[in-house]
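Have the coordinates open while you read.

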Amino acid sequence: MAAAILHGVGATTPLSSVKYNNSRRSLPGSGITERKRASFVIQCYGSLSSGLNIGINRAVKLSTNAVATKQDSVTASTPSKPGHELLLFEALREGLEEEMERDPWVCVMGEDVGHYGGSYKVTKGLADKYGDLRVLDTPIAENSFTGMGIGAAMTGLRPIVEGMNMGFLLLAFNQISNNCGMLHYTSGGQFKIPIVIRGPGGVGRQLGAEHSQRLESYFQSIPGIQMVACSTPYNAKGLMKAAIRSDNPVILFEHVLLYNLKERIPDEEYVLSLEESEMVRTGDHVTILTYSRMRYHVMQAAKTLVNKGYDPEVIDIRSLKPFDLHTIGNSVKKTHRVVIVEECMRTGGIGASLTASINEHFHDYLDAPIVCLSSQDVPTPYAGTLEDWTVVQPAQIVAAVEQLCR
Amino acid sequence: MGSWFARSRSIPYLLKRNISFLHANSSCKTLPPYKSPHGFRERPAASILSFRRLESTLAGKQAQAVAYTDDEVDSDADGENQSIEFPGGRVGFTTQMEFISEATDKRVPCYRVLDDDGFPIAGTRFEQLDEETAVKMYKSMVSLQIMDTIFYEAQRQGRLSFYLTSTGEEAINIATAAALSPDDIILPQYREPGILLWRGFSIEEFASQCFGTKDGHGKGRQMPIHYGSKDLNFITVSSPIATQLPQAAGVAYSLKMDGKEACAVAFTGDGGTSEGDFHAAMNFAAVMEAPVLFICRNNGWAISTPVSEQFRSDGVVVKGQAYGIRSIRIDGNDALAVYSAIRAARMMVVREQKPVLVEALTYRVGHHSTSDDSTKYRSVSEIEQWKRTRNPMTRFRNWVQANGWWSDKEETELRGTLRQQVLKAIQIAEKTEKPSLGDLFSDVYDKLPSNLQEQEKSLRQTIKRHKQDFPADVPL
């Protein structure tokens, strides 16, 4: 597997400045508004293949109050420059641009990615820089432009296919499952498909059921593809670059509500590993596994839990296929209790697979059954209150941990 | 409102007269209002148009503001020569409400060079073949036929699990292959093994793939006839219908970026044109100006569905224009016509960097595959007729022999040699080792990931423990 080039960068994410695309911020049902969130330190750990216990690595404990930790209190492992601040969609764009600069065969295709710059502005400015051919606007036919990407990939290009919303990629399921994942295998290794399929998914702000799909559950079974989910500007850029460089087809899941997250990322180039998870917070009492937007709900809950005296270990699994069972396993062996927090539906979601996987491999280390918090098996309703109830909220996470750790 | 019908006047004419729409009724002469709500009277279209205009002053103002310029005025009373601007360009308008008919009087004719007996039709224009190419073409057609016959029999004997013949479509297979360049990348449906044959895929390689041996290009991972060869620019066959069509646009896009003098050639059958992928691919290729040559083998049958139940258009050729793609219909059982047409089409595609659609009419003489018995849905006499009197191979052979390039003796010799070769290839392939266990897990990804490593380990352990329950001839 590609080695991770991770810097131990302490990055402050002032979540109080988190803006969502939609201006409706308050969550009347839960009583927790986004503004009350604390800042916290996100620390990415170095190579995990050394087999060392996570606890041995440099760890910075979460501050127990709601005050933002200042940057100079963070131990950076490398003498990196201060870096630059940007939003998540800009980080994606930066990663994309760097790869397009580096390799002339990298190209982008999708609806409105060209001069319009993409519905979420991830490809803004790229068409002007690289021309209409490398940043291709396509007609509305997801199965077709995904198929086109596969054909282009088989003949030497490295396309990035953007789904305007992941849900629309259901139309491309045939191409993704029957061709993208399979052709390298069925051709006897002759044709490789280094395609990246990316787009926003997840429950947004009242976007309705069709625009709130969690496609990772549907795609996870397809053999031959890799799936990753980004959650911070830092890992967004790193995963984008890694996905483009990978010779396997990779599906990169972004989240509609995370595009405007701000973070300071390093100036120097870095590429993350597609198969590794991210240790967000170390702890001893319980392992909380999550990814994408739920990471923030978990960290919000973690703050409350810390106040109550618990010490949760939070892992952003990032790699949805395959799971990073190494990191997860080490954590389970330490804490013996697992809570999975996901946005997928209860049935057949990432959490369901992860539960099965952990049970299979680490059954002896578990002191209690795994708790999996997921959305209900319902289409996402439009009404704001109902929508909030279908997504796992921090209060539920706190309650689950308290229950588990009794 | 009936009395407000203005006489049929061109809109500009009225505008010229500076009539405000609100008072149009008072200053214009009126037509007698039509009585029947169902029928149309003389010049009814105009009445209805003006009726609509009067109803909405907003629309009227728009008509005033848009498009009308002096040099376009034609005071011809029909109003046929005016044009309006809409997104997508200028479009002329007419005051006659005319529906475009769903069918033309005559079907699009197909291009043909040889008559039923294989003699060039008088006045026909075609690309002349030299002796070497013509003989190679004919020999390849024979090879394809023999290979098909013997492999089919092998399946019937239980030695192969599945097979699919190209009987009746030999001309399309071989003549197309001969007309293309080896750099052209082929995206096959599944009835085009002749192209591989032409490009040098050996009988042994065909057998290896069909029997799923370790020597096969597919490493035993696909069912028979799903050939693929990167070296010969032939993308591995994928079972779902028409998925290769949008991929052709991507391949063409790639060739365009490379600036190569080659094109993507995508095949489909008549049934495949019903798939959504066909329409989107055609649209894409046209919009992207991708150098794709779409070849539709219209052989009349999609398993048991005849073309009359597949589409109601005049075949597939008329669909080209709908997408802005140049198209042609050819006699797919005429090797010379196929050769000439594909040569010309390819030239257009590569030079103009635009897609072209070729509909090759033919007949599927064989069953759809070994899983099908076509006598269940079509008459044996129909099949026999096509086999005997309209055989593409007979027609081409007659032409080649008439040129003095082939003889009956050579025919017998060739068939004998080929038969031996194919039988031998089958015998060897049957005995060749199957791919090893490691090939179950390799190539899913570029490198074996942890979960697959684990699964392989677990499987090997199970096999070790219960050796007697697993096939002995699969190498570990």
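**Where B meets A**

Q: How many residues of chain B are in contact with chain A?
A: 44 residues of chain B are in contact with 45 residues of chain A, contact being heavy atoms within 4.5 Å. This is a predicted model, with local features needing pLDDT of at least 70 and side-chain atom pairs pLDDT 80 or more, while totals for chains, interfaces and linings use all residues. Residues are numbered from 1 along each chain as its sequence is written, chains are lettered from A and ligands numbered from 1 in written order, and side-chain values use heavy atoms, leaving out hydrogens and water.

Q: What does the buried area between chain B and chain A come to?
A: About 3700 Å², with 61% from carbon and sulfur atoms; that's accessible area (1.4 Å probe) lost on putting the two parts together, summed over both. On the chain B side, B:Tyr253, B:Phe284 and B:Tyr445 lose the most, together 18% of what that side buries.

Q: What makes β5 and β9 of chain B a pair?
A: Pairing takes at least two DSSP bridges. β5(B) and β9(B) have six, in the parallel sense, so they count as paired. One bridge links B:Phe294 to B:Leu357 in β9(B).

Technical notes:
Helix = DSSP H or I, 4+ residues; strand = E, 2+ residues; numbered from the N terminus.
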